[in-house]
Amino acid sequence: MLIVPKADSLTQVYWDGVQLRELRIQKCLACDHAWHPPLYICPKCRSKNIKWIAISGRGTVYSFTIVHHAAHEAVVDSVPYLVALVSLAEGPRIVSNILNCQFNDVKIGMQVNLTFQEISKGVLLPQFEPIADLF
Amino acid sequence: MRGKAAIVGIGQTEFSKSSGRSEWELALEAIQAALADAGLEPADVDGLVRYSYDNVTPAMVVRSLNIPDVRWFSDVPFGGTAQCGVIAQAAAAIASGIARTVVIWRALNERSGVRYGRAERHIAVNGDLVFASGDKTPSGQFSGPYGLHVPGQSMALWAQRYAYEAQLSREQFTSVLGAVAVQQRKFANTNPLAMMRDKPLSMDDYIQGRMISDPLRIFDYCLETDGAAAIVITGAKTARALRADPVYILAAQQSLFTHSEPITVYAEDLMVHSGSGNIDKLFSDAGVNRSQISFAQFYDATSFMVLSDLETYGFAKRSQGGSYILNNGTGNESPLPVNTHGGHLSEGYIHGLNHITEAVRQLRGTASNTVINAEIGLLGCNGASSAILSR
């Protein structure tokens, strides 16, 4: 069993971007504010003049947890696993697993880069991994 | 609203892992106990407030108890945010004259029925591919596929960030959270109503507890409980006629802020869970200062929330809650006894309504773990829901 994201009318552009190996967030053309998850108008200045941008791919680990107890039967065989919050260089925070990283190596403040993980045939998830040249 | 309404009745069922009864039946038992405690009949009730999460509807209660004239009823969304939201709505209705006597209840078979610590209720299990939808965290499309499924995992993310900002070592942080869990278990061991009354917990036991979502262990988490609680609120004048020890509502509030949608991982500052200024307003509405607070009952989905609430409500400075707990503890000998019934960690999990019944027992002087000369009590959930009560 595998948990996959279900897009809706507000988030379709996000998941369409993921299929193209692009992580898109919304940005306000009036005030430059960027945010996630998606909304209909800029939550800062209420402008409707907003667009989707592809992020640079750089982020910083804001927090993390190692999940030892599966809370859904789909992940019974996956524990222990790492869940992190990554602050994007553009500002917003997103949930990620940090790939290619030992549990003991993950640190708050660690620099990470965007990558993509094929969790099932044709189903991609945006993910992050440590910046290689630091190690 | 200050002092215009008072709690005159409290009631509850047994708290257990398997009630063997429907939530409807549990709700009725708790409500009838609360009315009997108040010396009132169902016909005296003209207002109802419940948690939106409750499966027992106002109509089910009205029909079962044959309440002839309910003029006002209300639902409060969320779990912890509803804890004092139900008090705020009842007190506001009474202060404005919409209702005279309001019954509040929360009934749940949260262990034998739908378990809030499981994610299958949000991500339905049907086939090899299952879908995470909506944008809520945990378990929505932006968190469910990553294995962020339940509030207890989001709170582990809060806790890890807290320890980093407070510069607490892993061992220090364990000592702080363990101190909360062990103290609350001590309270439960002398509270006949507590699910954990017969199960002592030492610091060694705590440390040996299995890791659930690092840094939180099994004993950092609330219990899963079958049970119900209810309270009756009426106007201050009626309250004084009914009993010698009404518990007055000095202030009560519910709060939303930009990233409230539970359980937030997107707020710019994950240590803040309420609108700006509303804690100051709580104390000023109540007309009391922090030094007058005799005890606090903090909504403890995890032990970490006790730590963060000491800071949220201004009893410790930011990032100083850990050293506050190590220096003062949260027992009856400390400047601020917290969760004197054992809290969600060790008494039972009735979505915070059992914190309110405990506050009432303290202010009546009938609690098992009596805080001597308790005058004023604070209730709070991350600043998202708060109340100040007095005897």
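This is a predicted model: local features need pLDDT of at least 70, side-chain atom pairs count only at pLDDT 80 or more; totals for chains, interfaces and linings use all residues.
1. Let's start in chain B. B:Pro215 sits in the loop between strand S6 (211-214) and strand S7 (216-217) of that chain.

2. To find A:Pro37, go to the loop of chain A that lies between strand S3 (34-35) and strand S4 (50-54). As background, most peptide bonds are trans.

3. Stay in chain A for the next stop, A:Arg46, which is placed in the loop between S3 and S4. A:Arg46 is not a glycine, yet its phi is positive, at about 65°. For context, most residues other than glycine have a negative phi.

4. Is A:Arg46 buried or exposed? A:Arg46 counts as exposed, because it has 10 C-beta neighbours inside 10 Å and the cut-off for exposed is 12 or fewer.

5. Further along chain A, have a look at A:Asn100, in the loop between strand S7 (93-96) and strand S8 (111-120). A:Asn100 has a positive phi of about 55°, although this residue is not a glycine. With 11 C-beta neighbours inside 10 Å, A:Asn100 counts as exposed.

Note on methods:
Residues are numbered from 1 along each chain as its sequence is written. Chains are lettered from A and ligands numbered from 1 in the order in which they are written. Helices (H or I, at least four residues) and strands (E, at least two) are DSSP runs, numbered from the N terminus. A residue is buried if 20 or more other C-beta atoms lie within 10 Å of its own, exposed if 12 or fewer, and partly exposed in between; C-beta atoms are placed from the backbone.
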